[in-house]
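Me: I have a structure open here that I have not looked at before. Could you walk me through it while I ask questions?

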Amino acid sequence: MNYVVIVFFTFSIVALSTLTCVASSHEVLVYFSPRSVNVLVGSEFTVDLMVDPNGYGVSGGEVVIEFDSEVLNVTNISLGKLFGPRPLVGKYLIDNGEGVIHVAVARVGKTEKPTSKGKLLTITF
């Protein structure tokens, strides 16, 4: 059987507006969970993009994630509950040819501070 090991830490988060904090000793943490996975070639699997606001109120964010399109194919992206039950979606793009995911979302309504740690996206490959 052929296996492929995928380490999500090597994915590129190219743009992360709104989720970043300027001139602060505390940073908003953005990470993949799980950080790596072993899967059979051709198998479907999911990974979550998690956000730890580290005490800040987070109202929205934009992420661009690059991946190797020769190895991976994104079949679905679903929003987590980080920005509430019905966030405003400004951008939702999956480009398997270029190996890019681009998502921009914002909370509708009041932002509580601190925002709880949560899932921004679930990506299915």
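This is a predicted model: local features need pLDDT of at least 70, side-chain atom pairs count only at pLDDT 80 or more; totals for chains, interfaces and linings use all residues.

Me: Which residue forms a salt bridge with D48?

Reply: That residue is K119, and the closest N and O atoms of K119 and D48 are 4.0 Å apart. The two residues come from distant parts of the chain, since K119 sits in strand 10 and D48 in strand 5, 71 residues apart.

Me: How many salt bridges turn up in the whole structure?

Reply: A search of the whole structure finds 1 salt bridge.

Me: OK, zooming out, what does the secondary structure of the chain come to?

Reply: The protein chain has 0 helices and 10 strands, and read from the N terminus the elements run β-β-β-β-β-β-β-β-β-β. Of the 125 residues in the chain, buried residues make up 38%.

Me: Which strands form the open sheet, and in what order?

Reply: The open sheet is formed by 4 strands in the order 3-5-10-7, with antiparallel pairing. Its edge strands are strand 3 (29-33) and strand 7, each of which pairs on one side only. From one strand to the next, the twist averages 20°.

Me: What holds strands of a sheet together in general?

Reply: In general, the strands of a sheet pair through backbone hydrogen bonds, and the pairing can be parallel or antiparallel.

Me: Back to this one then, over how many bridges do strand 3 and strand 5 pair?

Reply: Strand 3 and strand 5 pair over 5 bridges, in the antiparallel sense. If you want a place to look, Y31 stands opposite M50, which is in strand 5.

Me: Changing topic, how many aromatic pairs does the structure hold?

Reply: The structure holds 2 aromatic pairs. In one of them, the rings of F45 and F125 have their centres 5.2 Å apart and their planes at 20°, so this pair is stacked. F45 lies in the loop between strand 4 (36-40) and strand 5 (46-52), while F125 lies in the segment after strand 10 (118-124), so the pair ties together parts that are 80 residues apart in sequence.

Me: What about F67 and F125, what kind of pair do they form?

Reply: F67 and F125 form an edge-to-face pair, with 6.0 Å from centre to centre and 80° between the planes. Because F67 is in the loop between strand 6 (60-66) and strand 7 (76-79) and F125 is in the segment after strand 10, this pair ties together parts 58 residues apart in sequence.

Me: Are F67 and F125 buried or exposed?

Reply: F67 is buried, at a relative accessible area of 7%, and F125 also counts as buried, at 5% relative accessibility. F45 is buried as well.

Definitions and conventions: Residues are numbered from 1 along each chain as its sequence is written. Side-chain values use heavy atoms; hydrogens and water are left out. Rings of Phe, Tyr and Trp (its six-membered ring) pair if their centres lie within 6.5 Å; planes under 30 degrees apart count as stacked, over 60 as edge-to-face and the rest as tilted. Buried means under 20% relative accessible area, exposed over 50%, partly exposed in between (1.4 Å probe, protein chains only). Two strands pair if DSSP finds at least two bridges between them. Axes are lines fitted to C-alpha atoms, for helices over the stretch in contact, and angles run from 0 to 180 degrees between N-to-C directions. A salt bridge is a side-chain nitrogen of Lys or Arg within 4 Å of a carboxyl oxygen of Asp or Glu.
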